[in-house]
Structure formats: C-alpha cells, structure tokens
Amino acid sequence: MTDPKQHATRRRLFAQPFSNSSITTFEPAIRRKVDLAVSKIKRDAEESSADILKWFTFMATDVAGELSFGTSFDMLQHEQKTPYIRDLETAMMISGMRSELQPLLKIASYLPLRSLRHALAIDERLNSYGHEAIQNHKAYIATRQGPGATSLFSKFLDPKKNQELSDAEIEQEASNLIVAGSDTTAVSLTYLIWAVLRPDNNHIREKLMDEISTLPLDARGSDLTSLQYLKAVVDEALRLYGAAPGSLPRIVPGAGTVLGPYHIPGGVTVSTQAFTIHRDPNIFRDPERFDPSRWENPTQEMRDAFSPFGAGSRTCIGIHLAMLELLLGTFLLFKQCPAAVLSPTTTDESMEFENYFLIAPKSHRCEIQLRHE
Ligand code: HEM
C-alpha cells in the first residue's frame with residue numbers, strides 16, 4: 001500500500017488489535033503453539049537431531065494463521081506445510097516473474113497440461129481458501145456467546161459492529177499477515193538459539209539459564225518481561241540476526257527535506273538498512289560480537305540506532321506478537337532442553353546468510369541435539 005493516506009487509515013484500524021493488551025488476550029493460543037513446537041524439537045533432538053528452523057517456521061505460521069483466520073493450519077500437528085502455505089510461498093516467489101511474463105502465461109493457461117494448469121490456478125486456490133476461512137470465521141463470530149476476540153479481525157467481522165473492511169480486504173490482509181509474521185519470527189528465533197548455543201558463547205548460555213531458572217515452566221509473557229538478561233539476549237539477536245535487515249525504502253514528501261549537509265528533493269526514494277547501522281563500530285563496540293551484556297546499559301545512540309522492526313509510520317505492526325513469540329520460544333526451549341547443543345551439521349558456514357529481503361541460513365536448516373550427560 002503506497003498511498004500514505006490509505007496506509008495511515010489502515011494502520012489506525014489495526015492499532016488496537018495489534019496492541020500489547022490485545023496480543024496478551026491471545027497468549028493462551030500462542031503458548032499452545034510454542035509449547036507444541038518445543039515438545040517436537042525435544043522429541044527429535046532426543047531421537048537424533050531437531051531442525052529448529054523447521055519447527056519455528058511451523059510454529060510462527062500456525063500462530064499467524066490462527067490469529068488471522070481464527071483457525072489454525074495445524075502444521076505443527078501434521079508436521080508438514082499445508083497446500084495453502086505452499087501456494088502462498090510459491091506466489092511470493094514468482095510474483096515479480098509473473099508480472100513480467102503475464103502475456104506468455106495467459107497463452108500457457110490454454111495448453112492442455114494438467115500440472116501447468118494447476119500451477120497457474122494458484123490465485124484461485126489462494127482466494128478460495130481465504131474466502132472460505134473468513135466466511136467460517138464470520139459465521140462463528142455471529143453465533144458466539146459473550147465477548148472476547150478470537151482473531152485479529154474479529155471486530156471487523158462482527159455483524160453487530162461497523163463493517164470497516166470488506167470481506168475481500170480482510171482476506172487479503174490475513175494472507176499478508178501470514179507472510180509478514182511467519183519467516184520473520186522463525187528466522188530471528190532460530191538465529192537467537194544458534195547464537196546462544198555456539199560453544200564460544202557458553203558464558204551467555206549459563207547466565208541465561210541461571211536467570212530462566214528463577215521462573216516456573218508455566219510463567220506468563222508478562223513474567224518474562226522482568227527477565228532482563230533474556231530481553232538483552234533477544235535484543236542482541238535482533239541486532240545481528242533480525243530477519244529483515246535490508247533496505248526499507250521511503251519517498252521524500254513534498255518540497256523535500258534537509259538531512260545534515262544535504263538537501264533531498266521531494267519524490268526521491270531514500271532508504272536505510274539495519275544491517276549496517278546495527279554494525280556501526282561508532283555506536284556498537286566490537287559490533288560483530290554477540291554480546292547481550294551491551295544492552296544492560298545502552299547508550300542513547302544505541303537505542304536510537306536499534307531498528308530491527310523498522311522505524312517511523314511503517315514500523316512493524318506485529319512487534320508485540322513477535323516479541324512474545326521470541327521471549328516464550330527462548331524461555332521454553334532452554335527450560336525444556338537444558339542439554340541442547342548444536343549438531344555437527346550446524347556450522348558457521350551453514351548459518352551464513354542467504355538474503356532475499358529476509359535473511360535465512362543458507363543451508364535452510366539449523367539442527368540441534370541433546371548432550372548426553
Ligand atoms: C522477529 C520478527 C519480525 C521482524 C524482524 C519484523 C520486521 C519488520 C520490518 C523490518 C518491517 C518493515 C518496517 C518498515 O518499513 O519500517 C515490518 C513490517 C511489517 N510487519 Fe513485521 N517483523 C516481524 C514479525 C511480524 C509479525 C509477527 C507480524 C504479524 C503477524 C508482522 C507484521 C508486519 C506488517 C503487517 C508490516 C507492514 C507494516 C506497515 O506497512 O504498516 N511482523 N516488519
């Protein structure tokens with residue numbers, strides 16, 4: 001959505017559903033997914049090794065799905081991606097190519113090839129899933145007794161309230177949220193766990209485990225915010241391994257602006273990227289080092305520079321949800337798998353970034369196992 005007015009209206013509509021207090025009402029549902037992901041990781045790690053990137057991807061996608069459509073994809077239970085998620089990923093991957101090749105694809109759609117026709121019907125399938133899910137959710141809301149949100153869109157689907165968004169807009173927004181909220185969270189959490197488990201970061205892991213041991217297994221999200229070292233570990237992981245560290249373009253408005261010694265005319269596209277700002281040695285001492293203790297006493301410059309969720313009017317709307325998943329995921333993983341170590345297949349090289357706007361480990365996996373005491 002490039003029009004600033006349209007965007008601002010949409011942000012105002014979503015401000016309440018994405019607020020911290022609203023996300024807290026979904027905590028039991030989120031907790032169930034995180035618990036399930038961690039229990040599957042523990043099971044696999046006990047047997048041989050667990051791919052935490054896979055399980056966190058299922059977890060974050062199930063969370064985003066349930067909060068968007070009011071019903072879970074249950075990828076954690078079924079241990080595989082649903083056809084809808086596979087279609088959504090393909091649609092994202094080929095979106096640029098499709099706009100370039102539109103005339104060719106139109107001709108191809110008349111060819112009598114079943115697999116080609118199936119591939120080209122991707123939009124129809126995505127729309128029909130989104131439509132069905134939203135209609136079911138709407139029917140449920142219309143008949144439910146008592147208050148309480150069942151999804152981020154409940155208030156827009158409630159026939160007793162003002163219909164501020166059309167069903168088609170909700171379907172579109174819901175699938176956008178699944179894309180925006182799944183790999184981002186999964187990749188950031190995976191790098192966090194990897195960074196803590198690296199053998200040269202043993203002192204970090206021990207300090208984290210000590211702090212985590214002060215709370216019971218059933219601690220709530222609000223309890224976790226009192227764990228200062230856990231928060232520092234999350235922030236440090238987001239500084240070095242936040243999933244979207246690339247360029248975030250903005251168009252300079254009106255007559256332009258002055259930035260330091262430069263005048264930038266209106267209409268010019270400018271951008272910043274967290275990757276370099278988060279590694280500026282003038283702001284972060286020894287910037288490549290994973291060192292959560294730097295957040296125990298941050299300078300104002302560090303706070304200003306820290307922008308893993310972007311900045312300004314288009315900053316990530318899912319920040320409270322993402323933070324809850326990161327805190328809960330880290331807490332529960334180290335509680336449930338205190339003997340976790342990196343598998344030999346997980347190396348600095350396998351975890352090097354692949355960067356297609358979102359970063360990901362180039363091996364597309366991150367395996368851990370349990371140390372035998
Ligand atoms: C660790 C996890 C996450 C990271 C690192 C992240 C990062 C970002 C970044 C960098 C942006 C662009 C901000 C800008 O242009 O200034 C963004 C936008 C956005 N994010 Fe996230 N995100 C995460 C999780 C989530 C979750 C869980 C959701 C919701 C389910 C979400 C929904 C969105 C949406 C809807 C936008 C577009 C906001 C707008 O244009 O107004 N994100 N995110």
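Here is a short talk about the ligand shell and the nonpolar cores.

Author: Happy to! This is a predicted model, in which local features need pLDDT of at least 70 and side-chain atom pairs count only at pLDDT 80 or more, while totals for chains, interfaces and linings use all residues. Residues are numbered from 1 along each chain as its sequence is written, and side-chain values use heavy atoms, with hydrogens and water left out.

Reader: Which residues around the ligand come nearest?

Author: Of 23 residues around the ligand, those are His7, Arg11, Arg250, Arg314 and Cys316. A residue is counted as near if one of its heavy atoms lies within 4 Å. The shell divides into twelve nonpolar, eight polar and three charged residues.

Reader: Why is the set that includes Ile30 and Phe56 called a nonpolar core?

Author: The name is for buried Ala, Val, Leu, Ile, Met, Phe, Trp, Tyr and Cys residues (under 20% relative accessible area, 1.4 Å probe, protein chains only), joined through side-chain atoms within 4.5 Å. The largest such set has 91 residues, with Ile30 and Phe56 among those with the most contacts inside it. A second, separate core has six residues, including Phe284 and Met302.

How values were computed: Nonpolar A, V, L, I, M, F, W, Y, C, P; charged D, E, K, R; others polar. Buried < 20%, exposed > 50% of the residue type's maximum accessible area, 1.4 Å probe, protein only.
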